[in-house]
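Dear colleague,

I am handing over the structure that we spoke about, and you will find it just below. After it I have set down what was found, grouped by topic.

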Amino acid sequence: MAEKQKACCVCGDSKEVGENHLFTCKGHGCDVIVHRACYGIVAVPTGLWFCRKCESQERAARVRCELCPKKEGALKRTDSGGWAHVVCALYIPEATFGNNRTMEPIITSKLPKEKFSKPCYICEEAGLETQATHGACMGCHKASCRMAFHVTCGQKERLLCEETDPRDPNNLVYCGYCHNHYKKMVRQKKKHQNARKPSSTGERPANTVSAAASPHSATAYSQLSQLSFQLPVSIRSISPPSSLPSAQLCLATPFAAASVQPPGLAPPPGLAPTVQPPTPATHGTASNISPPSRVLSTSDPPPHDQ
């Protein structure tokens, strides 16, 4: 039987894109595995790598996340001297990082008190009432829902996801849903995707460009793949990531759909082709590896955009 592929403790993905490699902690009994961008590893270690918890050599009994009852996982120091999971800080909007590049310390002192007063419904349903009130909970992303749960509980139940920020299409919002609304959200997305699929007659939906009509689609896909660990997709969905349809990839190419001419046809007289080749990809280095863009801090702005 094939061994299960190990995945990042933060994003849940096992893929390595560009220089966004996976690092495994070599501490005794530690099973932490993280992507370079998911844990804020700026300088690539030459020898063995240790997570912050193992590096501190603090007694395991004293290490506990301030935001959830889970003790294991990818932890970082907080501004109060304690510990918190990186994934907890990402999915609780009020939690931030003191330094966006290194993703530490995690600022928990500014969290509103009501965040710590809501019990985790997942813990309560599992009969863990004492754990339900420990730490801070995130709320269901459905505006009318009052369900709250620990980030790590939602991660275990595969309820966490990423959505495009309606105010900024280039940014992602890290959010999660309760079991009921997560199922509804998945059904709605599938229904929307099916509505955008080409019909049996071969017609394409409006405002899309086929891969065959775009001579740069393969180049654009390669470019996006190389840059994916620098974009918000660096913290890829906690749920298994799904590949982009070819039509969406074509829309990501840096030229207008209206300017693409079908293969074998010349442009109209007097009109020069306007297709421009995509900008070459920039490979990641230790100087431009950055954490996800949702992380906000006034003390240290991100080194570059997504």
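**Charges and cysteines in the predicted model**

Please keep in mind that this is a predicted model. I begin with Lys184, which has its place in helix H7, the run of residues 179-196. With a relative accessibility of 37%, Lys184 counts as partly exposed, and together with Lys142, Lys183 and Arg187 this lysine forms a positive surface patch.

Turning to the salt bridges, a search of the whole structure finds 7 of them. Side chains of opposite charge can pair when their charged atoms come close. One of these pairs joins Arg36 to Glu19, with 3.7 Å between the closest N and O atoms. Arg36 belongs to helix H1 (residues 36-39), whereas Glu19 sits in the segment before strand S1 (22-24), so the pair ties together parts that are 17 residues apart in sequence. Arg36 is buried, at a relative accessible area of 1%, while Glu19 is partly exposed, at 33%.

A second pair is made by Arg52 and Glu104, whose closest N and O atoms are 2.8 Å apart. Here Arg52 lies in helix H2 (residues 52-56) and Glu104 in the loop between strand S5 (96-97) and strand S6 (106-107), so that parts 52 residues apart in sequence are tied together by the pair. Arg52 counts as partly exposed, with 31% relative accessibility, and Glu104 is buried, with a relative accessible area of 16%. Both residues also belong to a network of salt bridges that links Arg52, Glu55, Lys76 and Glu104.

Asp165 and Arg167 form a further salt bridge, in which the closest N and O atoms are 3.4 Å apart. Asp165 is buried, with a relative accessible area of 8%, but Arg167 counts as exposed, at 74% relative accessibility.

As for the cysteines, how many disulfides does a search of the whole structure find? The search finds 0. In the case of Cys88, the closest cysteine sulfur is that of Cys68, and the 4.0 Å between the two sulfurs is too far for a bond, given that a disulfide needs the sulfur atoms within 2.5 Å. Cys178 is likewise in no disulfide, the nearest cysteine sulfur being that of Cys145, 3.8 Å away. Cys88 is buried, with a relative accessible area of 0%, and Cys178 also counts as buried, at 4% relative accessibility.

With kind regards

Methods
Residues numbered from 1 in each chain as written. Predicted model: local features only at pLDDT ≥ 70, side-chain atom pairs only at ≥ 80, totals over all residues. Heavy atoms only, no water. Patch = residues over 30% accessible without salt bridge, like charges linked within 9 Å, V, L, I, M, F, W, Y side chains within 5 Å. Areas by Shrake-Rupley, 256 points an atom, 1.4 Å probe, with all protein chains shown as cover. Salt bridge = Lys/Arg side-chain N within 4 Å of Asp/Glu carboxyl O. Lys, Arg positive; Asp, Glu negative; His and termini not counted. Charge placed at Lys NZ, Arg CZ, Asp CG, Glu CD. Helix = DSSP H or I, 4+ residues; strand = E, 2+ residues; numbered from the N terminus. Buried < 20%, exposed > 50% of the residue type's maximum accessible area, 1.4 Å probe, protein only.
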